[in-house]
Amino acid sequence: MGLYNVFQIAGSAMSAQSVRLNTVSSNLANVDSVSGTPEGAYHARQPVFAAVLQATRGDQAAVGVKVEAIVEDQTEPPREYQPGNPLADADGYVYRSNVNPVQEMANMISASRSYQNSVEVLNTSRQLLLKTLTLGQR
Amino acid sequence: MAFEFDTALGIHPRALVLRARRNEVLAANIANADTPGYKARDIDFRAVLGQAREKLPLVTTRGDHFPGLDAPGADAGLRYRVPNQPSLDGNTVDPDLEKAAFAENALRYNASLTFLDRKFRGLITAIKGE
């Protein structure tokens, strides 16, 4: 029955978007993290979404979302001259995280809007289902 | 006079099933609004309902049976949406359009439900003879 699948679909979308919100908050929290090596610097994380077919029932319409992987942004972390920093390397440089705060804020708003959409879908479908259950009873 | 539920209730039960199915398809579109490469789909409602009226569907009695291509329960009528605007990641979901379609579909589901409800009430009145 179509309406029950909606709970799975919207639920998978909500969990995927909350993973995205998690990575955003992790990235924003580490925006000022520094490290003594370029490898040790914090790299921005982004989730990769993929559609997942509910193949068990052979149903082409029920397509949820899953987080396929979480990838790290491979751009070079910016170098900064801070000889006073205890983490600085031999030449007095520290490596900042490569997080772009503006990008992350936009990402956050997009994720929260998508989450809201899924909640709305869930609510509407729930109302339809509840109404269907009382069919012919009034 | 033989009594048939099918004729008494009219097209509404089938319309309701189709609406529920379209609800699912649109929910999948909204869920995948951020999935790269996902292609939005919709149900050609008129075509599928027309088929349901005209033809006898192929009956599937087990879970692993294949439904016929034109059976109303199969993916008949599932079509890819033509995107208004291309996006770089290959996703063709337009969230605003999908939300509007979803709201419209929910309303029409409610309408079908109300019709069905009244049909049942009419039957009950006829049975009770009040």
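## A serine in chain B

S112(B) touches H12(B), A15(B) and L16(B), leaving aside residues up to four places away in sequence. Touching, or contact, means heavy atoms within 4.5 Å. S112(B) lies in helix α4 (residues 95-128) of chain B. Helices (H or I, at least four residues) and strands (E, at least two) are DSSP runs, numbered from the N terminus. Is S112(B) buried or exposed? S112(B) is buried, because its relative accessible area is 9%. Buried means under 20% relative accessible area, exposed over 50%, and partly exposed in between (1.4 Å probe, protein chains only).

## About the model

This is a predicted model: local features need pLDDT of at least 70, side-chain atom pairs count only at pLDDT 80 or more, and totals for chains, interfaces and linings use all residues. Residues are numbered from 1 along each chain as its sequence is written, chains are lettered from A and ligands numbered from 1 in the order in which they are written, and side-chain values use heavy atoms, with hydrogens and water left out.

## Where the chains meet

Chain A puts 36 residues in contact with 30 residues of chain B. The area buried between them is about 2,600 Å². Carbon and sulfur atoms give 60% of that area. Buried area is the accessible area (1.4 Å probe) that two parts lose on being put together, summed over both.

The rule finds 1 salt bridge across this interface. R20(A) and D34(B) form a salt bridge through their side chains, at 3.0 Å from N to O. The rule asks for a side-chain nitrogen of Lys or Arg within 4 Å of a carboxyl oxygen of Asp or Glu. On the side of chain A that touches chain B, two or more residues come from each of α1 (2-29), β2 (45-53), β3 (63-72) and α2 (101-133) of chain A. α2(A) gives the most, with 10 residues.

## Strands of chain A

Strand β1 (residues 34-35) of chain A pairs with strand β5 (residues 93-96) of chain A in the antiparallel sense, over 2 bridges. Two strands pair if DSSP finds at least two bridges between them. Strand β4 (residues 79-81) of chain A also pairs with β5(A) in the antiparallel sense, over 3 bridges.

Which residue of β5(A) is the bridge partner of S35(A)? It is Y95(A). R79(A) also stands opposite Y95(A).

## An asparagine in helix α1

N5(A) sits in helix α1 of chain A. N5(A) is buried, with a relative accessible area of 11%. N5(A) and D73(A) are 68 residues apart along the chain, and their C-alpha atoms are separated by 35 Å.
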